[in-house]
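Take a look at the model before reading on.

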Amino acid sequence: MGANTKKKYISRWASRRRIRKKLWGTPDRPRVCVFKSNRSVYVQVVDDVQGQTLVHASSREINKLGTNVSICEKIGLKLGERVLEKGIQKIVFDRGGYPYHGKVKAIAEGARKAGLVF
């Protein structure tokens, strides 16, 4: 791991800890977590009170035609549809320490288009 890579990792980890101190998912308003790997993007809806994942979606389920941002918007739409099927309309968005820009923003916009309220 190079010096710049290590610095980015530590910075994201610290940011993630600060965010998680303030955000908490409840059964009425669960938390949406975002994780980006080098190949895929994963999003899950978590009830922190019971400690379980309610719904998930990833770029592995989506047809990967288009730009990365458009794929992430499709992930947000799919996640929104699945959450609404469970009867949940309000969520808390946890960006996972990533900047609210590009892929993360596209996921949030897709979820909003599906009908979720942040």
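Buried means under 20% relative accessible area, exposed means over 50%, and partly exposed lies in between. Arg20, at 26% relative accessibility, therefore counts as partly exposed. The model is predicted.

**Salt bridges: count and network**
- The count of salt bridges comes to five.
- A network of salt bridges links Arg20, Arg31, Asp48 and Asp94.
- Side chains of opposite charge can pair when their charged atoms come close.

**Asp48 and Arg20**
- Asp48 pairs with Arg20 in a salt bridge, with 3.8 Å between the closest N and O atoms.
- Asp48 sits in the loop between β2 (41–47) and β3 (52–58), and Arg20 sits in helix α1, so this pair ties together parts 28 residues apart in sequence.
- Asp48 has 13% relative accessibility, so this residue counts as buried.

**Arg82 and Glu61**
- A salt bridge joins Arg82 to Glu61, and the closest N and O atoms are 3.0 Å apart.
- Arg82 belongs to helix α2 (residues 68–85) and Glu61 to the loop between β3 and α2, so the pair ties together parts that are 21 residues apart in sequence.
- Arg82 counts as partly exposed at 26% relative accessibility.
- Glu61 also counts as partly exposed, at 33%.

**Glu73 and Lys113**
- The side chains of Glu73 and Lys113 form a salt bridge at 2.4 Å, N to O.
- Glu73 lies in helix α2 and Lys113 in helix α3 (residues 103–114), so two parts 40 residues apart in sequence are tied together.
- Lys113 is exposed, because its relative accessible area is 58%.

**Positive patch**
- Which residues gather in a patch of positive charge on the surface? They are Arg17, Arg18, Lys21 and Lys22.
- Arg17 is placed in helix α1 (residues 3–22).
- With a relative accessible area of 48%, Arg17 is partly exposed.

**Ser15**
- Is Ser15 buried or exposed? Its relative accessible area is 11%, so Ser15 is buried.
- Ser15 has its place in helix α1.
- Leaving aside neighbours within four places in sequence, Ser15 is in contact with Arg95 and Gly97.

Key. Residues numbered from 1 in each chain as written. Predicted model: local features only at pLDDT ≥ 70, side-chain atom pairs only at ≥ 80, totals over all residues. Heavy atoms only, no water. Patch = residues over 30% accessible without salt bridge, like charges linked within 9 Å, V, L, I, M, F, W, Y side chains within 5 Å. Areas by Shrake-Rupley, 256 points an atom, 1.4 Å probe, with all protein chains shown as cover. Salt bridge = Lys/Arg side-chain N within 4 Å of Asp/Glu carboxyl O. Lys, Arg positive; Asp, Glu negative; His and termini not counted. Charge placed at Lys NZ, Arg CZ, Asp CG, Glu CD. Helix = DSSP H or I, 4+ residues; strand = E, 2+ residues; numbered from the N terminus. Buried < 20%, exposed > 50% of the residue type's maximum accessible area, 1.4 Å probe, protein only. Contact = heavy atoms within 4.5 Å.
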